[in-house]
Amino acid sequence: MKEKSLWKKITGSREVSLVIVLIVLLAAVQTLSPSFLTATNIAQIFRNNALTMLMALGMLCVMLTGGIDISITSTLAFSGMTIGLLQKYDILHNTFLLFLIGAVIGLICGSINGMIVAKGKVAPIICTMGFMYIWRGMAYVISNNAWASGQDVAGFSDFGKDGAIGPYIILIIAYIIFFVVMKWTKFGRQIYAVGSNKEAAAISGINVKKTITSVYAIMGMLAGLAGVLSVSIYASAQPNMQYGKEMDVIAACVIGGVSMSGGRGTVVGTFLGALIIAIIAKALPLVGISSIAQNFVKGVIILAVVVLNVITQRTMDKQNLSRREI
Amino acid sequence: MAGKSGREISATPKGGITKILSWEGALILVFIAVIILGKSISPNYTLNNVLREMQKYLPEIFMMFGMGFILVLGDIDISVGSIVCLCATLTCIAANAGVPFILAALLCILIGTCCGMLNGFLATKFTELPTMIITLGTQIIFRGIAEMSLGSGGSVSYKNSKDIAVLAKKIGPFPISFFLVIILGVVMITVLSRTTFGRKLYAIGSNKTASYYAGIKVQRTRFLCYTILGTLAGLCALFLLSALYGANTTTGQGFEMEVIAMCVFGGIATTGGKGNLIGGLIAAFIIVCLRIALGQINMNTQLILVIIGAMLIVSVLIPQIKNALMPKKQKV
């Protein structure tokens, strides 16, 4: 009996199956290219994908409420560009203050998104699509089509340069906070409640509009932070930075088992989803597949994961039905 | 007339004063305002100039019609930009390898159709999945295939540019693509508003289950709509080639959002079952004419996008504001 419940736990849990996928993936890559699992490589995987991993947390919250936010990379560009310009014109060089300003800009952008989605009852994809144009455009307008070069952000980029621990610390702190908040706090559970059933959540006394506004605000804040982080990691700020990368963030969540209709998804799953995408991107050239094929492989994996998920769900439903038959 | 969910079924015919006060009526006023604005801020805003500059935006409007169908169904397709990229890339490569122009053009449209069919197949076989996820996957795959066929260079140019330039020719001041927009417009608007097929789309968009029980072949209709959009994306790629003479990895990037913006601004709701293509067509011309006008006074391209983004958000907020201002209608 006990064995059966353990088996059920393994097949039933998305996280466990993701871990298995991850282990198989790592083993395969490691046998094909023994130099893969080194400390430098692993550190690089995290550094190169820090932005996606950070924003995936916010996207998890937004998708849990049944929404989506495609304006995040525009918010990122707006915040990152502001930070770049503040240093270019020698207004501010304090790393902590720059991060704070970036986060506040993101928070404001996100709150506006959230208010329009929650109070204006606009479809999230349409609202954030509008802001995708607006924030990206604002990044161009404030920069006047120029960009902040490595020299301009010289002192600041030490925070995220190759070998510095800055990005890792931010990632670890963010993941710990989100893990705790989503699992054990009232606010975290409210997000799940709103995503599972809005009416039921409202009747049981949850302020649905406030919850929705806050998840978009959190998303914006993380995107703002990611903007600052991006400036420090890549040591430059351009208005077109990370263009189109919002789909990577959504893909990481989807692979991690976050449901697009809301209510389902975990922090651990999101992390594993982002990690799988990151490892594939890093491993392809090592196993002899040209990096040109990267996007193709990524797309196939996304589709394969979601389709497999549907198929397992169907067979499970069928089994449950047949068990009930006498 | 209100549906079960309180949603108004806009396919219900209206008449008299409500027709003028409708969304389409407002859009026509906005369109006139944009033309007046263009005339007053730029001396070059003449019919000839506008039509010449319009040529690079017109192919996107082809896709607007197909996207309108998809949105009325309550679905979404964010892979069209990548389909355009794939079609343009493969057509260039085929034409450079010596395939005659007519065959290459057909190939372009055929590839688009196949891509649309793939989307439709996945969307109808795995109905549990939101179409956004499916087309997110195919979006990455289609562009991935284009990237692989482009190789490390990342771009390809159309060698026999004389052939493809035929499509960029003009009849009087009007480019060929303009006539195509009008023809497609008449056909697609008629199909959506005057045929059983169009009515089925509204039914499915309003309530899938009810339409299924009413005997509508829901999945076959959806499949057909994705295929139509794919075909139109191929057509768009063909006319884009006649203006760009080549393709690269970023061709068509962001088209899906621009096309969806045209539809939504035209009053087609992403929740399905609402809106019509006349609105979408007027909205498309509003956006294009505004872009040209602001472009002529050398306004920053990105600032123009800010204005379009703001217009989009305001337009979707208007029904909400109207509801708040108007006294609540009596419930039956």
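Which exposed residues sit on the face of helix 8 of chain A turned away from its buried side? They are A:Ile169, A:Ile172, A:Ile173, A:Ile176, A:Ile177, A:Val180 and A:Trp184.

## Ground rules

This is a predicted model, where local features need pLDDT of at least 70 and side-chain atom pairs count only at pLDDT 80 or more, while totals for chains, interfaces and linings use all residues. Residues are numbered from 1 along each chain as its sequence is written, and chains are lettered from A and ligands numbered from 1 in the order in which they are written.

## Helix 8 of chain A

Let's stay with that helix. Helix 8 of chain A runs over residues 166-184, and its 19 residues reach 27 Å from first C-alpha to last, close to the 27 Å expected at 1.5 Å a residue. (Helices are DSSP runs of H or I with at least four residues, and strands are runs of E with at least two, numbered from the N terminus; the expected span is 1.5 Å times one less than the number of residues.)

Its buried residues are A:Pro167, A:Ile170, A:Leu171, A:Ala174, A:Phe178 and A:Met182. These lie on the same side of helix 8 of chain A because they cover an arc of only 95 degrees around the axis, the arc being that of the directions from the helix axis to the C-beta atoms. "Buried" here means 20 or more other C-beta atoms within 10 Å of a residue's own, "exposed" means 12 or fewer, and "partly exposed" is in between, with C-beta atoms placed from the backbone. An α-helix has 3.6 residues a turn, so residues three or four places apart point the same way.

What covers this buried side? Among the elements that do so are helix 3, helix 4, helix 9, helix 11 and helix 13 of chain A. Helix 13 of chain A has 20 residues and reaches 29 Å from its first C-alpha to its last, close to the 28 Å expected. Just after helix 13 of chain A comes A:Gly288, with a positive phi of about 95 degrees.

The largest nonpolar core has 204 residues, and A:Leu54, B:Met63 and B:Val84 have the most contacts inside it. (Such a core is a set of buried Ala, Val, Leu, Ile, Met, Phe, Trp, Tyr and Cys residues joined through C-beta atoms within 7 Å.) Leaving aside neighbours within four places in sequence, B:Val84 is in contact with residues including B:Ala233, B:Leu240 and B:Phe255; contact means C-beta atoms, placed from the backbone, within 7 Å.

B:Ser315 belongs to helix 15 of chain B and counts as buried because it has 22 C-beta neighbours inside 10 Å. B:Ser211, in helix 11 of chain B, has 19 such neighbours, so B:Ser211 counts as partly exposed.

## Where the chains meet

The contact takes 37 residues from chain A and 38 residues from chain B. On the side of chain A that touches chain B, helix 7 of chain A gives the largest share, 13 residues. By class, that side of chain A has 27 nonpolar, seven polar and three charged residues. (Ala, Val, Leu, Ile, Met, Phe, Trp, Tyr, Cys and Pro count as nonpolar, Asp, Glu, Lys and Arg as charged, and the others, Gly among them, as polar.)

## Confidence

The predictor gives the complex an ipTM of 0.85 and a pTM of 0.87. Chain B averages a pLDDT of 86, pLDDT being the predictor's confidence in each residue, from 0 to 100. Within chain B, confidence is lowest in helix 1 of chain B, at a mean of 55, and highest in helix 6 of chain B, at 94. Over residues 1-7 of chain B the pLDDT is below 50. Where pLDDT is low, the predicted coordinates should not be read in detail.

Methods:
Contact = placed C-beta atoms within 7 Å.
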